[in-house]
Amino acid sequence: MSLWKRFFSTDKKAELDSGLQRTRDNLWSRLGKLFTGKSTIDEDLLDQLEEALVSADVGIDTTVEILQRLQEKAANQRYRNSHELQQLLEQAVLSLLPPVADNWEPFTIPANQRPYVILVVGVNGVGKTTTIGKLAYQYKQAGYQVMLGAADTFRAAAVDQLTIWSQRAGVPLVKQGMGADPSAVAFDTVQSAMAKNMDVVIIDTAGRLHNKKHLMEELGKIKRVIGKKLPGAPHEILLILDGSTGQNALEQARQFMAVTEITGLVVTKLDGTAKGGVVLAISHQCQVPIRYIGLGEKITDLQPFDPTSFVHSLFDHQPIP
Ligand SMILES: Nc1nc2c(ncn2[C@@H]2O[C@H](COP(=O)(O)OP(=O)(O)OP(=O)(O)O)[C@@H](O)[C@H]2O)c(=O)[nH]1
Ligand SMILES: [Mg+2]
């Protein structure tokens, strides 16, 4: 059964559709015109399709692949109506994206890894702390005992922000004073979580750029210290990307993954941007899977990334005029 069917109600589908509204409108302001009155895939159609996809930040590499797949699928085949063309396009896009792995379940931890430690990283302001609040809430809803660690000790407000999210999610938080060693906070958190039989630990870190050597070394130290306390941890290193920055988010993912181990991606702020097509590029071009997408500022505004639902929401939603 598809991920979507197992985890989502029609409410969640409506939230996805509404979160992707601006990207969809952007796409369809071009596609709508394109799809009417044509019955073959010709140069003109491909050119305009390319323009539409690029304008939604799908990026040139992924766009070129999509067009190729579409041509293969439609080889020598006239489509009978614009709905068929729309379906061919949807299939072409989906065929590029890796499916969700069978052994991965959203908001679920493997049975033999407790506490399951998730380290959250990314550049400034991408939505790390917010995503941690959302994850904590969802894991708690799933029945797990969750603990947060405030290893962003760089800004005074950072601990306060995480404290607010811990209260919203109703989970405990381990913190030290501002300026404390982030590795020490991470160590304390894992130690406390082990003593209290927690299931999930989520550690917040300061925003950092991949090319700031000392900050990347600090991240390395955080990982080592956690691993010393609990062999095998961190089990997951989530890189948060701001989807509203479009192609920059893809570039950031590439650069981060080149210098440090990342096990999963989260693309945030897809609501309120017309650049949500970048999710297709990230999913297509990054070796690491997108785990979740952020669709708003509320604690419930985080969904597992399911390529089928995502592509469907973008490409098969708008009725053709
Ligand atoms: N609309 C929208 N806003 C979001 C989403 N995720 C985060 N934000 C907003 O983005 C802003 C930054 O979020 P934070 O969670 O503080 O980001 P951060 O990465 O922890 O930032 P630093 O700790 O400063 O590096 C806040 O105003 C959030 O409300 C989302 O999915 N949608
Ligand atoms: Mg933060």
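Start by selecting Ile118: its bridge partner in S4 is Ile202. Color the two strands next, S1 (residues 116-121) and S4 (residues 200-205), which run parallel and are joined by 5 bridges. Strands here are DSSP E runs of at least two residues, numbered from the N terminus, while helices are H or I runs of at least four. Two strands pair when DSSP finds at least two bridges between them.

This is a predicted model, where local features need pLDDT of at least 70, side-chain atom pairs count only at pLDDT 80 or more, and totals for chains, interfaces and linings use all residues. Residues are numbered from 1 along each chain as its sequence is written, ligands are numbered from 1 in the order written, and side-chain values use heavy atoms, without hydrogens or water.

Now show the whole open sheet: 8 strands with mixed pairing, in the order S3-S2-S4-S1-S5-S6-S7-S8. Strand S3 (173-174) and strand S8 (302-304) are at the edges with a single partner strand each, so one side of each has no neighbour in the sheet.

Next, select ligand 1 and the 18 residues around it (a heavy atom within 4 Å). Among these 18, Lys128, Thr129, Thr130, Asp271 and Glu297 come nearest. Helix H7 (residues 128-141) gives the largest share of this shell, 4 residues.

Which polar side-chain atom lies 2.8 Å from an oxygen atom of ligand 1? That atom belongs to Thr129.

How values were computed
A polar contact is a pair of N or O atoms within 3.5 Å; within protein, one must be able to donate a hydrogen and the other to accept it, and residues adjacent in sequence count only if both atoms are side-chain atoms.
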